[in-house]
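The sequence and the structure come first.

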Amino acid sequence: GEGCRTVPLSGHVGFDSLPDQLVNKSVNHGFCFNILCVVAPKLDPTVSGLLLPSIQFVLELPPQPDYFTVQQVSVRSHQVVHLGQPPLQLELSVDLLPSGKGETGLGKSTLMDTLFNTKFEGDPASHSQPGVQLKSSTYDLQESNVNLKLTIVSTVGFGDQINKEDSYKPIVEFIDAQFEAYLQEELKIKRVLHNYHDTRIHACLYFIAPTGHSLKSLDLVTMKKLDSKVNIIPIIAKSDAISKSELTKFKIKITSELVSNGVQIYQFPTDDESVAEINGTMNAHLPFAVIGSTEELKIGNKMMKARQYPWGTVQVENEAHCDFVKLREMLIRVNMEDLREQTHTRHYELYRRCKLEEMGFKDTDPDSKPFSLQETYEAKRNEFLGELQKKEEAMRQMFVQRVKEKEAELKEAEKELHEKFDRLKKLHQDEKKKLEDKKKSLDDEVNAFKQRKTAAELLQSQAQQAGGSQTLKRDKERKKPCRFYGNNCYGDVMMEPC
Ligand code: GDP
């Protein structure tokens, strides 16, 4: 750099062994490589034919018809015509369900076995499940003195659903989850990155069905969603199912569709002179049309991986038959380290940047001045504390307000109670007074009655007494006639005696 001086050495020092030290260290440590296999959905069937009143049509199924069962054929639209009119137009919709026998695969397991020259154990995947799942298996491989921890992740059930809209989501989430795990490890105080099992996906093999038609929209959508997260290498699987001329056209079609939809697939790097030429040539061969087979057949006097058919043999490692060798060369022998590096420096870096920005971290302040992590942390902390204080204050205010409201409510209730009590008290007093008045008048009546009664009793007793002497007198008087009535006088107790 600037300010550095070049000084010649006068003898061997030894730092030229640094690359060897690096190699030794890496070899001792071992390597890891993670491949994601996305097996593209199969082709929907097309219905065509001359639809005359006798209605005959041809159902053109995907290349391996026994992978599917026809669930339902329904009329999407039709046009009624009368005799002598142009032919009847009928549009049919055909719902296919994977047959559920687990054979819908595009040869992913076979290809992996062929690529790494081994037999990876694994349960055959079911293709009739409701959602997309990612299944990952890790294997320890050794070649000469190099150890490789290989993880193969497969998308189980991708594209097997009738509604495929969200099929890509679990794949994106899986890739992000691996980045997130790495980021969390990086952000730890005590990091153990040298020992960390890195599960970030280094290469995504996108399996395209050998249909010869165009890419399905789901393929394009999925690849578009993945291209900023992973190195995509598209491959045409089971390419022995398609003729050579069809394959050439199919490759051109796929490439132009990828370009017109802005899908960025992984480009083998051409900046390193030693591989620039081969990588440049190989970029032009994408997508690779591959064939897989673990079966070895004797061809000439050599044992070779091949698929045998009644009409002949397809050799997996024959470049005239398929691009398998190209794929192995590019994926493993030439660019494995570049794929690992791109994953770390491009895809992970992008994830990390977005994630940290989302969390509020920045490298510069609004005036474009450098802003350290600590400053960001302190600014965030202050912002957080400020917000917390504001929230606390708001809660306190709310509490005071609520207490005031409650108090007012209680006071109101108390006032009402008092008023009610006063009303009742007055009512009670009035009632009492009325009763007392009534009692008084009754008492008066009783007294008057008693007086009358005593008077009456008195009179009666007087009368009785008077009655007794009167009778005597009258008896005497009767002897001599009354001075008024003579002998006709009968006397009267109430009257003055005559
Ligand atoms: P997976 O479900 O995607 O893992 O597929 P498999 O590897 O289990 O293969 C499914 C079927 O396809 C098996 O019968 C394989 O023998 C067959 N198969 C695998 N690769 C090829 C290929 O390149 N061409 C053809 N024609 N068949 C293949």
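The model is predicted: local features need pLDDT of at least 70, side-chain atom pairs count only at pLDDT 80 or more, and totals for chains, interfaces and linings use all residues. Residues are numbered from 1 along each chain as its sequence is written, and side-chain values use heavy atoms, with hydrogens and water left out.

**Ligand site**

The shell around the ligand consists of G105, L106, G107, K108, S109, T110, K238, D240, I291, G292, R307 and Y309; a residue belongs to it if one of its heavy atoms lies within 4 Å of the ligand. By class, three of these residues are nonpolar, five polar and four charged. In this scheme Ala, Val, Leu, Ile, Met, Phe, Trp, Tyr, Cys and Pro count as nonpolar, Asp, Glu, Lys and Arg as charged, and the others, Gly among them, as polar.

At least two shell residues come from each of α2 (108-116) and β12 (302-309). The largest share, three residues, is supplied by α2. Helices (H or I, at least four residues) and strands (E, at least two) are DSSP runs, numbered from the N terminus.

| Residue and atom | Ligand atom | Distance |
|---|---|---|
| L106, polar backbone atom | oxygen | 3.2 Å |
| K108, backbone N or O | oxygen | 2.9 Å |
| Y309, side-chain N or O | nitrogen | 3.1 Å |

Taken alone, the ligand exposes 580 Å², of which the protein buries 71%. Accessible areas come from the Shrake-Rupley method with a 1.4 Å probe; for residues, only the protein chains shown count as cover.

N34 is part of strand β1 (residues 31-39). With a relative accessibility of 0%, N34 is buried, that is, under 20% relative accessible area (1.4 Å probe, protein chains only). Its side chain reaches the backbone oxygen of R200 at 2.7 Å. Leaving out residues up to four places away in sequence, N34 has contacts (heavy atoms within 4.5 Å) with T151, D198, T199, R200, I201, H202 and A203.

S239 sits in the loop between β9 (232-236) and α5 (244-260) and is buried at 5% relative accessibility.

**Cysteines**

C322 is buried at 3% relative accessible area, and C32 is buried at 13%. Zero disulfides (pairs of cysteine sulfur atoms within 2.5 Å) are found in the whole structure.

Technical notes: Buried < 20%, exposed > 50% of the residue type's maximum accessible area, 1.4 Å probe, protein only. Polar contact = N/O pair within 3.5 Å; in protein donor to acceptor, adjacent residues only side chain to side chain.
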